[in-house]
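Have a look at the model before we start.

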Amino acid sequence: MNPWLLLATLITVWLADSAAYFAGKKFGKHKLAPEISPGKTWEGVAGALLAVTVYGLALCHTLHISRWLIAGLWLIVMLSVMGDLFESLLKRQAGVKDSSHLLPGHGGCCFTFTSLYSQIYNFMQDNALVKRQYVTILGATGTIGLNTLDVISQHPERFSVFALTANNNVSGMLTLCQQYLPKYAVMLQESAAQMLGEQLKALGNHTQVLHGDTALCEVSSHFEVDIVMAAIVGAAGLHPAMAAARAGKRVLLANKETLVMAGNLFMQAVEEGGATLLPIDSEHNAIFQVMPQHKRNTLSRMGVKRVLLTASGGPFRNASFNELKAVTREQALNHPNWVMGPKITIDSATMMNKGLEVIEAHWLFNALPSQIDVVVHPQSVIHSMVEYIDGSVLAQLGNPDMRTPIAYGLSYPERLHS
């Protein structure tokens, strides 16, 4: 059963029982079924129907739904009354008495409380009371974007896709729009947006297709959006990431260039907008997880001596200088541990990636250059470490799978299967 429907039914029955008791006590003259349950009256039934009618009108007005809901509530009341009479009949035949004296008007008080508690507990355990979060994915057809969608697919009760964006990968976006049915799809190039829109229309898909940098910023700052995965490669990712930060979103930052190009401006936008910034790079995500607190204090105030970024060394870690002169594009794109997009894979092969990550760490953790070190760790099991002034070193370990930091970012401060 839908958990919201279950909760609404419980509230309706509880409200109807209460109203029936008080209306029957105040106005009750005509017995409903005196041989089975002498305390129940027709006036009590009328009071229950009146109470759920008011409750239904309030729901219809608040949620903008059809007033046919009230008829459904009346049906629940009548089924509840008949069920209560049947229960009373069985009890009389068995010669047992419930605990209605504990709470007048609510026969079987212990049973009622137990069932209500258990249902609400299960309701909360199933995350039904956790607001479903709407996610915009900037760079949906890239490796990070696809991994994010994979994690979201595992938790459909927690997340919905609000918008997907791409540069010009029409076929990839067409497939994703058919699978995830986002409200918006944004292509950076106008021609690609026109082509995607025509193909979606032909398939009967109602996803609205937009284009351009302004549209990227709009779907990143939209009031319905809770989380923005900023995974556009290069400078094109700066403006929408800034828009998300200024709008106070949870920003999952997988775009390195945002901090490299405009670290000070971006961190200022995060602070002023009240955004939550979670790094998705495995190294920075690892540091975030083992830091004592996530405020913009200096490391020394938190008892941190330095942060250590790990590096696999890439495919040419053991190559000589002469061997490096003859490497091919295919060799550079063949990372020994990670599956990544082409740009970051090449940056990893040249170790330029680690230089960018040092800059990122400076802005993310308010770290001085002297407090950031890089350690080559070919196995890519330890993703990064934090050394404290007392000599302790805390590390985050895991398989080299980007779905782990993505799931952490989506669910923070909770944990999700990835």
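Q: Why are α10 and α15 called roughly parallel to each other?
A: The cut-off settles it: angles under 35 degrees count as roughly parallel, over 145 as roughly antiparallel, 65 to 115 as roughly perpendicular and the rest as oblique. Helix α10 (residues 256–273) and helix α15 (residues 352–365) pack at about 20°, with their axes 9 Å apart, so α10 and α15 are roughly parallel. Axes here are lines fitted to C-alpha atoms, for helices over the stretch in contact, and angles run from 0 to 180 degrees between N-to-C directions.

Before going on, two caveats. This is a predicted model, where local features need pLDDT of at least 70 and side-chain atom pairs count only at pLDDT 80 or more, while totals for chains, interfaces and linings use all residues. Residues are numbered from 1 along each chain as its sequence is written, and side-chain values use heavy atoms, leaving out hydrogens and water.

Q: Which residues make the contact between α10 and α15?
A: Contact means heavy atoms within 4.5 Å. On α10 that gives Lys256, Leu259, Val260, Gly263, Asn264 and Met267, and on α15 Asn353, Leu356, Glu357, Ile359, Glu360, Trp363 and Leu364.

Q: What is the make-up of the α10 contact with α15 by class?
A: Seven nonpolar, three polar and three charged residues. Ala, Val, Leu, Ile, Met, Phe, Trp, Tyr, Cys and Pro count as nonpolar, Asp, Glu, Lys and Arg as charged, and the others, Gly among them, as polar.

Q: What makes Gln371 count as buried or exposed?
A: Buried means under 20% relative accessible area, exposed over 50%, and partly exposed in between (1.4 Å probe, protein chains only). Gln371 has 13% relative accessibility, so it counts as buried. Gln371 is in the loop between α15 and β11 (372–376). Beyond its neighbours within four places in sequence, Gln371 touches residues including Leu299, Val304, Arg306 and Asn366.

Q: Which residues of helix α5 are buried, and what do they pack against?
A: In α5 (residues 143–153), the buried ones are Ile144, Gly145, Asn147, Thr148, Leu149, Val151 and Ile152. They pack against β3 (133–138), β4 (159–166), α6 (170–180), β7 (227–230) and α16 (403–411).

Q: How much of the protein chain counts as buried?
A: Of its 418 residues, 44%.

Q: How many helices and strands does the protein chain have?
A: There are 16 helices and 13 strands. Those are DSSP runs, numbered from the N terminus: H or I of at least four residues for helices, E of at least two for strands.
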